[in-house]
Amino acid sequence: MDTDGDASSGTGPDPALPAREPMMQAVCGVTGDSDPVLLAAHELATLHERREQLVPGDTSEIDWERARLVCEIDRWVAIRSPRPATTAPMHTESIGAVVDRMAHFAALTYRALACGAEPQLHAAQLRLHELACGYDDLVNEVSTGTRRLPDAD
């Protein structure tokens, strides 16, 4: 992995990780970017929407596909990110897992909106906003090498 480029600015050989705004657009259903991380995030959102529409039952196929996309995002993050300092604190979950949770709360937001469920809508929107802020912080820390991710070695 080439870590000589400036991953945080996108000017080096490795492109920067997606920022919060395009990530929010991807998990909320807006496509149009060819970035593989954003495309995977959009697919996760679609899978969560499908999962929310299912009557309780077997969701193993959807969950298997979600796990594959989380791993795909994590591979791209590993390629794009500088090697963190060995003393950098470990984050509790991967960026792919955070994006999967963002996609889940985006789907919950749309479902609550469609059902007119105001308390659930506000709760889902709040959680999505909190996750987006956390995603932004995590991407900045990973891009500067000040945060390690699980299973990144």
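D35 and R80 form a salt bridge in this predicted model, with their closest N and O atoms 2.7 Å apart. The pair connects distant parts of the chain: D35 sits in the loop between α1 (20–27) and α2 (36–53), while R80 belongs to helix α3 (residues 60–80), 45 residues apart. Both D35 and R80 are buried. Across the whole structure, a search finds 12 salt bridges.

- E72 pairs with R68 in a salt bridge whose closest N and O atoms are 2.9 Å apart.
- Both residues, E72 and R68, lie in helix α3, four residues apart, which is about one turn of the helix.
- E72 has a relative accessible area of 19% and therefore counts as buried, because the cut-off for buried is under 20%.
- R68 is partly exposed, at a relative accessible area of 37%.
- Through shared partners, salt bridges join E43, E65, R68 and E72 into one network.

**Salt bridge between E141 and R147**
- E141 forms a salt bridge with R147, and the closest N and O atoms are 2.9 Å apart.
- The relative accessible area of E141 is 26%, so E141 is partly exposed.

**Fold and contacts**
- The protein has five helices and zero strands, following the pattern α-α-α-α-α along the sequence.
- Of the contacts between residues at least 6 apart in sequence, 66% join residues at least 24 apart.

**Burial and surface**
- The protein has 153 residues, and 39% of them are buried.
- Its accessible surface comes to about 8500 Å², with 54% belonging to carbon and sulfur atoms.

Notes. Residues are numbered from 1 along each chain as its sequence is written. This is a predicted model: local features need pLDDT of at least 70, side-chain atom pairs count only at pLDDT 80 or more; totals for chains, interfaces and linings use all residues. Side-chain values use heavy atoms; hydrogens and water are left out. Helices (H or I, at least four residues) and strands (E, at least two) are DSSP runs, numbered from the N terminus. Buried means under 20% relative accessible area, exposed over 50%, partly exposed in between (1.4 Å probe, protein chains only). Contact means heavy atoms within 4.5 Å. Accessible areas come from the Shrake-Rupley method with a 1.4 Å probe; for residues, only the protein chains shown count as cover. A salt bridge is a side-chain nitrogen of Lys or Arg within 4 Å of a carboxyl oxygen of Asp or Glu.
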